[in-house]
Amino acid sequence: MTAIYGRGADFREGDAREVPADVAADSVALALLDPPHHRAAEPLFAWAAKWSARVLISGGSTILYTGHVRIGHDIQIFENAGLKFWWPLSMPLSPTRKLPGIFVVIGHLPVLWFVKGRRRTDAQRLMPDTLRSVRDKSQHLWGQGTAGVPQLIEYLTKPGELVAEPFAGTGGWARITIAAGRRWVGADIEVGGSTNILAGGKLIATRKRKTSRLVHERHKLLGETS
Ligand SMILES: C[S@@+](CC[C@H](N)C(=O)[O-])C[C@H]1O[C@@H](n2cnc3c(N)ncnc32)[C@H](O)[C@@H]1O
């Protein structure tokens with residue numbers, strides 16, 4: 001456990017596919033998934049789908065921060081793992097970005113909401129599908145800011161319930177979770193997050209020289225211009 005994740009947070013440093021293996025089946029109310037967005041991270045998406053399907057309580061939710069070009073593929077992966085695609089959420093992007101090759105001005109980032117079984121109705125019922133975010137890249141190149149997490153916690157969980165975040169990065173969402181009176185368990189290959197990807201048994205270091213290429217890749221996948 002380290003302080004940056006908040007007092008009481010259960011942080012495990014290491015590969016998400018190993019260090020939270022002991023999280024019990026049917027114990028998590030909300031899984032927040034923000035894996036690296038790069039084709040090399042594909043095995044992490046498939047793992048995250050199966051893992052969240054196992055650990056979620058009945059009626060619990062998985063929220064996947066993804067890219068425009070991945071939406072169809074992700075729905076398939078997560079539904080194949082046994083979750084139900086519930087609704088597309090969106091995170092407004094300000095300022096908007098132009099993507100000239102696709103002739104689009106991007107005004108939001110896609111976020112996919114999946115449910116295990118039937119959506120629970122004992123937490124709040126009517127969830128707004130627009131996630132307000134205060135963006136913050138100061139701690140981490142891939143940091144998502146608040147990314148609607150306070151809203152997701154309020155609408156999809158109850159006090160004392162468990163929120164899981166296997167790609168925790170800066171720990172900002174852990175601190176929000178703990179402050180809201182929920183429990184938190186999470187992992188990252190590096191305390192505070194990194195621009196590295198550990199997938200398919202290989203560590204792809206993307207720092208320094210390689211960072212700009214990777215950030216460009218992520219922007220491409222997210223449908224953003226760099
Ligand atoms: C998109 S970032 C998450 C950013 C986070 N939402 C935030 O706001 O800070 C993805 C994170 O996944 C981590 N990561 C990459 N491969 C991993 C693996 N196999 N297991 C756990 N974490 C991994 C990276 O270190 C990085 O911090």
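Colleague: Hi! How do the residues of the shell around the ligand divide into nonpolar, polar and charged?

Modeller: Hello! The shell has 10 nonpolar, nine polar and four charged residues. Here Ala, Val, Leu, Ile, Met, Phe, Trp, Tyr, Cys and Pro count as nonpolar, Asp, Glu, Lys and Arg as charged, and the others, Gly among them, as polar. Please keep in mind that this is a predicted model, where local features need pLDDT of at least 70, side-chain atom pairs count only at pLDDT 80 or more, and totals for chains, interfaces and linings use all residues. Numbering starts from 1 along each chain as its sequence is written.

Colleague: Thanks. How many residues surround the ligand, and which are the closest?

Modeller: There are 23 residues around the ligand, and the closest are Ala 16, Gly 169, Thr 170, Gly 193 and Leu 198. A residue is near a molecule if its C-beta atom, placed from the backbone, lies within 6 Å of it. Strand S7 (183-188) and strand S8 (197-199) are the elements that give two or more residues to that shell.

Colleague: Which gives the most to the shell?

Modeller: That would be S8, with three residues. Helices (H or I, at least four residues) and strands (E, at least two) are DSSP runs, numbered from the N terminus.

Colleague: Zooming out, how many helices and strands are in the protein?

Modeller: The protein has five helices and nine strands. Along the sequence they follow the pattern β-β-α-β-α-β-β-α-β-α-β-β-β-α.

Colleague: And what percentage of the protein's residues is buried?

Modeller: Buried residues are 37% of the 226 residues. A residue is buried if 20 or more other C-beta atoms lie within 10 Å of its own, exposed if 12 or fewer, and partly exposed in between, with C-beta atoms placed from the backbone.

Colleague: Now the helices. At roughly what angle do the axes of H3 and H4 cross?

Modeller: The axes of H3 (residues 149-156) and H4 (residues 172-179) cross at roughly 40° and come within 10 Å. Axes are lines fitted to C-alpha atoms, for helices over the stretch in contact, and angles run from 0 to 180 degrees between N-to-C directions. H3 and H4 are therefore oblique to each other; angles under 35 degrees count as roughly parallel, over 145 as roughly antiparallel, 65 to 115 as roughly perpendicular and the rest as oblique.

Colleague: Which residues make the contact?

Modeller: H3 contributes Val 149, Pro 150 and Ile 153, while H4 contributes Trp 173, Ile 176 and Thr 177. By class, that contact has five nonpolar, one polar and no charged residues. Two residues are in contact if their C-beta atoms, placed from the backbone, lie within 7 Å.

Colleague: Which residues of H4 are buried, and what covers them?

Modeller: Gly 172, Trp 173, Ala 174, Ile 176 and Thr 177 are buried in H4. Their cover includes strand S2 (28-33), H3, strand S6 (162-165) and S7. After H4 comes Gly 181, with a positive phi near 80°.

Colleague: Changing topic: is Asp 129 buried or exposed?

Modeller: Asp 129 counts as exposed, because it has 11 C-beta neighbours inside 10 Å. Its place is in the loop between strand S5 (104-115) and H3. Not counting residues up to four places away in sequence, Asp 129 touches Trp 87, Leu 89 and Ser 90.

Colleague: Last one, where is Pro 159?

Modeller: Pro 159 is in the loop between H3 and S6. Pro 159 is exposed because 9 C-beta neighbours lie inside 10 Å. Leaving aside neighbours within four places in sequence, Pro 159 is in contact with Gly 181 and Arg 182.
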